[in-house]
Each structure stands twice: as C-alpha cells, then as structure tokens.
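Here is a friendly tour of one protein chain. Keep the sequence and the 3D view beside you as you read.

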Amino acid sequence: MSKDLEAHIWEALKTVQYPGMSRDIVSFGFVRKLDVTGGTVTVELEMSTHNPEAAEQVRTAVVEAVRAVDGVTAVEAKLRVQQPPNRGASAQRAVARDPGLLPGVEHVVAVASGKGGVGKSTVSANLAVRMAQLGLRVGLLDADIYGPSMPMMFGITERPRTDGQTLQPFDKYGVKVMSLGFMVEIDTPVIWRGPMVMRALEQMLGQVEWGELDYLIVDLPPGTGDAQLTLTQKVPLSAAVIVTTPQDVALIDARKGLAMFRKVNVPVVGIIENMSGFACPHCGETTHVFKHGGGERTAEVVGTAFLGSIPLDPAIVAGGDSGEPIVVTQTEGVHADAFESICEAVIAEVRRGQKPTLRIV
Ligand SMILES: Nc1ncnc2c1ncn2[C@@H]1O[C@H](COP(=O)(O)OP(=O)(O)OP(=O)(O)O)[C@@H](O)[C@H]1O
Ligand SMILES: [Mg+2]
C-alpha cells in the first residue's frame with residue numbers, strides 16, 4: 001500500500017464537509033478508520049447526529065471524493081449513525097454533579113470571562129441563535145442572576161408560564177430561553193446572599209422544562225467567584241468558551257477564567273476576541289480601539305484555540321438593545337460567519353471530549 005495514496009485519500013476526505021458546516025469531516029473526527037489495500041479503499045464513518053439524511057449525504061460525498069483520487073479502484077464507505085450520547089461522557093470528566101439536573105440536555109456549554117462587560121451575553125445570544133439557524137436544538141440559560149441580559153437581548157417582556165411546579169422557557173428565534181430577569185422587575189436590584197443565588201440557579205436548571213436539547217448555552221456572570229465555581233461543579237459542562245476584549249487588563253482576567261475551568265476539568269474550547277477593531281463607516285479605516293491581537297496571543301500562551309474576533313460594531317449594540325441579536329438581522333456576512341465558526345469549534349470540541357483520538361493513519 002502506498003503511503004502517498006493514503007495521504008491523497010486523507011486530502012480528499014478533508015474536502016468533504018458536513019451539510020451546513022464549513023469545517024471538514026476529518027477535523028470533526030467523523031472518519032473512524034481508513035483502510036487502503038492496493039487500490040481498494042474502505043472508509044469507516046461514524047457520527048452522532050439527529051439527522052441521518054445529512055450523514056448519508058456525507059457518505060455519498062466521501063465515496064465520490066475518494067473515487068476521484070488517482071490509483072483508487074474501488075471504494076466502500078461504511079456509515080454508523082448514533083443518537084448523540086447523553087451527557088454521561090462529559091459528566092464523568094468532572095467533579096460530582098447532580099444527575100437530576102437537565103436530564104434531556106446533551107451538552108452544556110458555558111460562555112464566560114474573567115471580566116465584566118466584554119460581551120459574554122452578546123456572544124451567548126448570537127451563538128445560541130446561530131446554532132439554532134444551523135438546525136441544532138438549543139437552549140440559553142441566563143445565569144447572570146444579578147444582571148440578567150436576555151430579556152432585553154431577546155426582547156421578551158412577559159413572565160414565563162408555570163404550573164406551580166415547572167417553568168416553561170420562551171421560544172424565540174428557535175432558541176429556548178430562560179432568565180431570572182423574566183421573573184423580577186427589570187429595574188429592581190437583586191440583593192441575594194450566596195445560598196439563595198445557588199437555589200435560584202438550581203431552580204432554573206431543574207425546574208425549567210428544557211425538553212430535549214443538543215446544546216444548552218449558559219451565559220455566566222462575570223468573574224471567577226463562588227457562584228461561577230459552584231455552577232461549574234453543579235452543571236455537567238461539556239465545554240467553556242472564554243470571551244475577552246483585546247487590551248491587556250481584560251486578558252489577565254480571561255486567563256483567570258480559563259484557569260478556573262481547567263481546575264474543574266472542563267475543556268476550554270478557546271478564546272473569542274470581542275470588540276476587536278472598529279471599521280470607520282466614513283473613511284473605511286480600522287481603528288483598534290482596545291488594541292489588537294491580544295486574544296490570539298493569549299490563546300497561544302495558554303495553549304487553547306483562538307476562535308476568532310468579532311469587530312466593534314454599533315449594529316451589535318443596536319441588536320442587543322432592540323431584542324434582535326445581530327445574526328437574526330444579518331444572516332450573512334462577517335458576524336454570521338464569526339458565530340458560525342465559533343459554533344463549529346464548540347461542536348468539534350464536544351465531539352473530541354466524547355471519544356478517544358479518531359485519527360487513524
Ligand atoms: N462587538 C461589539 N461591538 C459593539 N458593541 C458590543 C460588542 N459586543 C458587545 N457589545 C456591547 O457591549 C455591551 C456589553 O456587552 P454584554 O452585555 O454582552 O457584555 P457582558 O460581558 O455579558 O457583560 P456583563 O459582565 O455585565 O454580563 C452591550 O451594550 C453590548 O451590546
Ligand atoms: Mg452579561
């Protein structure tokens with residue numbers, strides 16, 4: 001068997017994408033095994049998805065791509081589709097968790113930062129909506145009980161329905177949303193002590209009818225205090241995303257946030273640099289208001305992925321204030337792309353967490 005032929009086949013496999021995603025099937029870890037005997041190729045694909053049709057499309061595309069490689073005489077692509085496993089795999093990784101919480105939720109992904117005001121809630125809202133636009137079943141929990149943002153960011157002013165036992169999340173832009181802000185007056189400060197905070201959070205986790213979800217995005221409050229730490233221990237987090245702005249003072253806090261997740265064995269998918277450069281609508285020139293490139297450098301230093309930057313854009317503020325996240329109003333373009341690639345990185349990380357190394361060369 002020629003090593004060259006095998007390398008060419010891997011290259012061909014890397015041109016195949018999962019429908020609706022821009023990342024290739026190799027980096028997603030869908031290629032379980034590759035066997036090349038003479039010119040006969042067998043590819044074993046394995047993916048966990050709720051969409052078997054998409055998996056079948058991948059299989060057909062794999063056969064076509066491999067058949068086109070010089071030297072290949074026969075191709076067989078075997079496909080194994082699994083229902084996405086429940087959260088057992090990720091729960092094993094970390095500290096003792098409450099098994100009664102979130103029974104129908106497969107993956108819980110936290111959006112965090114060490115510092116306040118860097119755009120966690122903006123990222124959470126847009127990430128959740130983008131995931132829903134890509135066909136995933138998504139929920140969004142606003143865990144910032146002191147300063148909940150989701151009522152405004154989703155433009156929801158009603159109170160949630162309840163039967164006295166359970167609470168119904170709102171369904172907007174394809175996302176199931178719950179926030180303590182739906183239950184308190186918007187300008188009433190929440191003055192609670194630690195144990196009450198945790199009780200409120202537990203209620204939102206345990207008594208909300210989240211139903212079956214692929215992903216529950218959790219918008220965390222800023223910092224690395226007790227509330228965050230307890231939450232990271234209570235909730236079976238599959239992964240965390242760290243949001244930062246590019247200036248050094250924010251980056252120091254981002255590192256602290258990252259260290260906290262690592263301490264409790266939650267994999268950090270990577271760092272997002274928000275408010276990264278402002279393109280002047282008048283002269284077209286970009287001003288790096290908060291410096292530039294810090295997120296990328298920090299990601300390199302701490303050994304995590306850089307997930308991309310989101311520019312400073314008044315349309316994002318307008319979207320946040322008007323209840324229409326930017327990816328709702330701009331379904332294409334720089335913001336939609338940025339959130340899509342973050343979404344794909346999260347999915348890839350969660351998959352990596354479920355299985356041992358899949359690459360067989
Ligand atoms: N890329 C961006 N361009 C312009 N404005 C932005 C951007 N990202 C966030 N903002 C704005 O910055 C403000 C703070 O954002 P957001 O509430 O998402 O931050 P946060 O980290 O969740 O804050 P907190 O720590 O208070 O929870 C909001 O008004 C939001 O609209
Ligand atoms: Mg916030």
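Predicted model: local features only at pLDDT ≥ 70, side-chain atom pairs only at ≥ 80, totals over all residues.

## A helix lying on a sheet

Angles run from 0 to 180 degrees between N-to-C directions, with axes fitted as lines to C-alpha atoms, for helices over the stretch in contact.

Residues are numbered from 1 along each chain as its sequence is written, and chains are lettered from A and ligands numbered from 1 in the order in which they are written.

Two strands pair if DSSP finds at least two bridges between them.

How do S1 and S2 pair, and over how many bridges? S1 and S2 (residues 40-48) are antiparallel, with six bridges. Lys 33 has Glu 44 in S2 as its bridge partner, and Asp 35 stands opposite Thr 42 in S2. The hairpin of S1 and S2 has two residues between the strands, and Gly 38 there takes a positive phi near 60°.

## Two helices meet

For H1 (residues 3-13) and H2 (residues 52-67), the angle is about 140° and the axes are 9 Å apart. That makes H1 oblique to H2; angles under 35 degrees count as roughly parallel, over 145 as roughly antiparallel, 65 to 115 as roughly perpendicular and the rest as oblique.

Which residues of H1 meet H2? They are Ile 9, Ala 12 and Leu 13, which meet Val 62, Ala 65 and Val 66 in H2. Residues are in contact if their C-beta atoms, placed from the backbone, lie within 7 Å. By class, this contact of H1 with H2 has six nonpolar, no polar and no charged residues. Here Ala, Val, Leu, Ile, Met, Phe, Trp, Tyr, Cys and Pro count as nonpolar, Asp, Glu, Lys and Arg as charged, and the others, Gly among them, as polar.

## The eight-stranded sheet

Another open sheet has eight strands in the order S6-S7-S5-S8-S4-S9-S10-S13, with mixed pairing. S6 (170-172) and S13 (305-310) are at its edges, each with a single partner strand, so one side of each is left without a neighbour in the sheet. On average, neighbouring strands of this sheet are turned by 25° against each other, direction ignored.

Inside the sheet, S5 (residues 138-142) and S7 (residues 175-179) run parallel and are joined by five bridges; Val 138 stands opposite Val 175 in S7. S9 and S10 also pair in the parallel sense over five bridges, and Val 241 has Gly 270 in S10 as its bridge partner. Helix H9 (residues 294-302) lies across S9, S10 and S13, at about 160° to S10.

## Buried places and the whole chain

Is S10 mostly covered or uncovered? S10 is mostly covered, as seven of its seven residues are buried. A residue is buried if 20 or more other C-beta atoms, placed from the backbone, lie within 10 Å of its own, exposed if 12 or fewer, and partly exposed in between. Tyr 173, in the loop between S6 and S7, has 20 C-beta neighbours inside 10 Å and so counts as buried. Tyr 173 has a positive phi of about 55° although it is not a glycine.

The protein chain comes to twelve helices and 13 strands. Of its 361 residues, 43% count as buried.

Notes: Helix = DSSP H or I, 4+ residues; strand = E, 2+ residues; numbered from the N terminus. Contact = placed C-beta atoms within 7 Å.
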